Amino acid sequence: MLRSVRQWPVATRMVVSALVLMLLVLPIAGGVLAWNFREAVNTSFNDRLESLLDIVIAGTVYVPASDRLAMERELGDARFTRVYSGWYWQVRDQGDRVTTSRSLWDLRLPVPQAGGLSFQETSGPQGQALRVVSRQVRLANAPSTVQVSVAADLSGVNQEVDRFEALLAGSLATLGVLLLAMVWMQVRWGLRPLRRLEQSLGRVEAGQQQLLDTDLPEELARLAQAINLVLERDQRLIERGRATAGNLAHALKTPVSVLQTLSERLPRDQQGAFQAELRRLNEAVRHHLARASAAGPAGLGGAINVEEALEPVLAALRTLASRRGLAFESVLGVARPVRVERQDLQELAGNLLENAINWAESRVRLSVEDAGTTGCQLQVEDDGPGMSEEQCNLALARGARLDETRPGSGLGLAIVGDLVALYGGSLALGRSPLGGLQVTVSIPGE
């Protein structure tokens with residue numbers, strides 16, 4: 001799981017981190033705002049109840065003649081006159097004297113034990129949630145202190161808080177979506193140069209251009225320039241290696257030919273050993289020069305047309321087969337360019353066909369087909385004696401020969417095997433429908 005997270009795209013990592021941050025910050029901010037609003041509404045509600053309490057205290061008098069408590073003024077709020085409206089006031093002394101608002105009817109509010117200003121919440125006549133504010137005061141001529149209380153229904157406060165919290169939740173959710181969309185747009189815009197660099201690298205890999213574009217932001221431009229320097233240096237090294245291999249082959253050809261000619265002047269008992277060593281030298285030089293000149297997978301090179309690349313090889317080998325009285329067939333069924341170095345493909349096909357011509361009785365056939373997006377599969381067949389499974393394994397060994405009477409060095413299949421391994425492909429030997437050997441080479445593409 002940890003490895004998969006590490007492999008997330010940069011854009012995904014940035015968007016997910018922003019989403020996590022918003023999921024942490026927005027709920028906390030929403031909770032703080034909701035708490036502050038609730039406290040502000042409750043404080044305002046309490047202040048209003050205190051104001052009403054002061055009005056009730058100011059309007060309450062004790063009437064000695066009738067030994068009762070009375071309210072001299074109206075509060076100016078119709079809710080205190082409507083029965084069970086949820087808004088009530090009550091004045092009660094230490095005895096049985098009590099007076100209430102008409103809205104309270106025949107019910108009574110609870111009397112707190114505290115003497116000062118106090119707030120409490122209780123249930124109303126019809127189950128309403130009430131907030132009661134009370135204060136103990138002494139009225140003029142009253143025989144004892146009285147407890148004055150004002151109660152109000154909390155449903156209005158709760159509804160107001162609920163509406164605010166719903167609006168806040170919707171607003172924060174909308175804000176979160178907008179912020180996430182803006183973060184995504186910012187990430188897309190910020191990573192656009194990286195996508196351009198990736199596209200440029202794809203064009204270089206496909207052979208559509210030689211170097212990366214450097215029309216990028218400063219940091220990526222320096223990176224592209226550094227990569228271009230590496231590409232140019234690697235290309236020079238490859239070209240230098242191929243040129244060196246060609247020069248070495250040309251330089252060794254003449255001395256080996258001279259030594260071969262001189263060996264014929266030696267006594268017969270010495271010619272065999274001398275010429276055997278010359279053959280070993282020639283085979284080793286050919287093998288290592290073939291590997292040195294091989295480019296390997298065209299990771300940053302262009303794709304080639306198989307028919308054009310193999311045309312000179314097929315022309316030469318068709319002539320050779322004709323001289324030996326062999327029918328030469330070739331079927332090139334590759335419709336798209338293949339990501340293989342031209343020289344490597346020629347080396348593969350040339351070695352396989354030369355080996356088939358050496359062993360064929362009357363027919364040699366080459367077929368090339370698509371394999372993957374940019375890969376190919378070569379199949380060379382002949383109607384010669386073929387090989388057993390043990391002989392197939394032996395033939396892949398470097399320089400191994402099953403018949404010393406046939407011309408050749410025995411390096412053909414070994415060189416092909418090395419080239420195929422260089423491309424990460426596969427080489428298989430088997431029995432051909434023609435009756436001889438069938439060699440199948442698969443070079444993977446993208």
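Predicted model: local features only at pLDDT ≥ 70, side-chain atom pairs only at ≥ 80, totals over all residues.
The protein contains nine helices and 12 strands, and of its 446 residues 36% are buried. Among contacts between residues at least 6 apart in sequence, 58% join residues at least 24 apart.

**Packing of H2 and H3**

- Helix H2 covers residues 10-59 and helix H3 covers residues 155-205; the two pack at an angle of about 160°, and their axes are 9 Å apart.
- This angle makes H2 roughly antiparallel to H3, because angles over 145 degrees count as roughly antiparallel.
- The crossing of H2 and H3 is right-handed.
- In the contact of H2 with H3, 25 residues are nonpolar, three are polar and three are charged.

**Packing of H6 and H7**

- H6 and H7 pack at an angle of about 25°, with 9 Å between their axes.
- H6 is therefore roughly parallel to H7, since angles under 35 degrees count as roughly parallel.
- H6 passes H7 in a right-handed crossing.
- On the H6 side, the residues that meet H7 are Val306, Glu308, Ala309, Leu310, Pro312, Val313, Leu314, Leu317, Leu320 and Ala321.
- On the H7 side, the residues that meet H6 are Arg342, Leu345, Gln346, Ala349, Gly350, Leu353, Glu354 and Ile357.
- The residues of this contact of H6 with H7 divide into 13 nonpolar, two polar and three charged.

**Nonpolar cores**

- In soluble globular proteins, nonpolar side chains tend to be buried together.
- The largest nonpolar core has 41 residues, and Phe328, Leu345, Leu353, Val364, Val368 and Val441 have the most contacts inside it.
- At least two residues of this core come from each of the helices H6 (306-323), H7 (342-359), H8 (389-395) and H9 (412-422).
- Strands S9 (363-371), S10 (375-382) and S12 (437-443) likewise each supply at least two residues of the core.
- A second, separate core has 25 residues, among them Leu49, Leu75, Val133 and Leu154.
- Val368, one of the residues with the most contacts inside the largest core, touches Val306, Leu310, Val331, Leu332, Gly333, Val334, Cys376, Gln377 and Leu378, when residues up to four places away in sequence are not counted.

- Not counting residues up to four places away in sequence, Ala395 touches Met387, Leu413 and Leu429.
- Ala395 and Leu429 are 34 residues apart along the chain, and their C-alpha atoms are separated by 9.3 Å.
- Arg324 is found in the loop between H6 and strand S8 (327-333).
- With a relative accessible area of 40%, Arg324 is partly exposed.
- Arg324 is in contact with Ile357 and Asn358, leaving aside its neighbours within four places in sequence.
- Arg324 and Ser362 lie 38 residues apart in sequence, and the distance from C-alpha to C-alpha is 8.8 Å.

**Ser118 in strand S5**

- Ser118 is placed in strand S5, which covers residues 118-123.
- The relative accessible area of Ser118 is 13%, so Ser118 is buried.
- Leaving aside neighbours within four places in sequence, Ser118 is in contact with Pro112, Val132, Val133 and Ser134.
- One of these contacts, Val133, is also included in the second core.

**Positive phi in loops**

- Most residues other than glycine have a negative phi.
- Asp67 has a positive phi, near 50°.
- Asp67 is placed in the loop between strand S1 (60-63) and strand S2 (68-71).
- Asp67 is partly exposed, with a relative accessible area of 35%.
- Asn141 has a positive phi, near 70°.
- Asn141 lies in the loop between strand S6 (129-137) and strand S7 (146-153).
- Asn141 has a relative accessible area of 63% and is therefore exposed.

Technical notes
Residues numbered from 1 in each chain as written. Heavy atoms only, no water. Axes fitted to C-alpha atoms, helices over the stretch in contact; angles between N-to-C directions. Helix = DSSP H or I, 4+ residues; strand = E, 2+ residues; numbered from the N terminus. Parallel < 35°, antiparallel > 145°, perpendicular 65-115°, else oblique. Left-handed = near helix turned anticlockwise from the far one by under 90°. Nonpolar A, V, L, I, M, F, W, Y, C, P; charged D, E, K, R; others polar. Core = buried A, V, L, I, M, F, W, Y, C linked by side-chain atoms within 4.5 Å. Buried < 20%, exposed > 50% of the residue type's maximum accessible area, 1.4 Å probe, protein only. Contact = heavy atoms within 4.5 Å.
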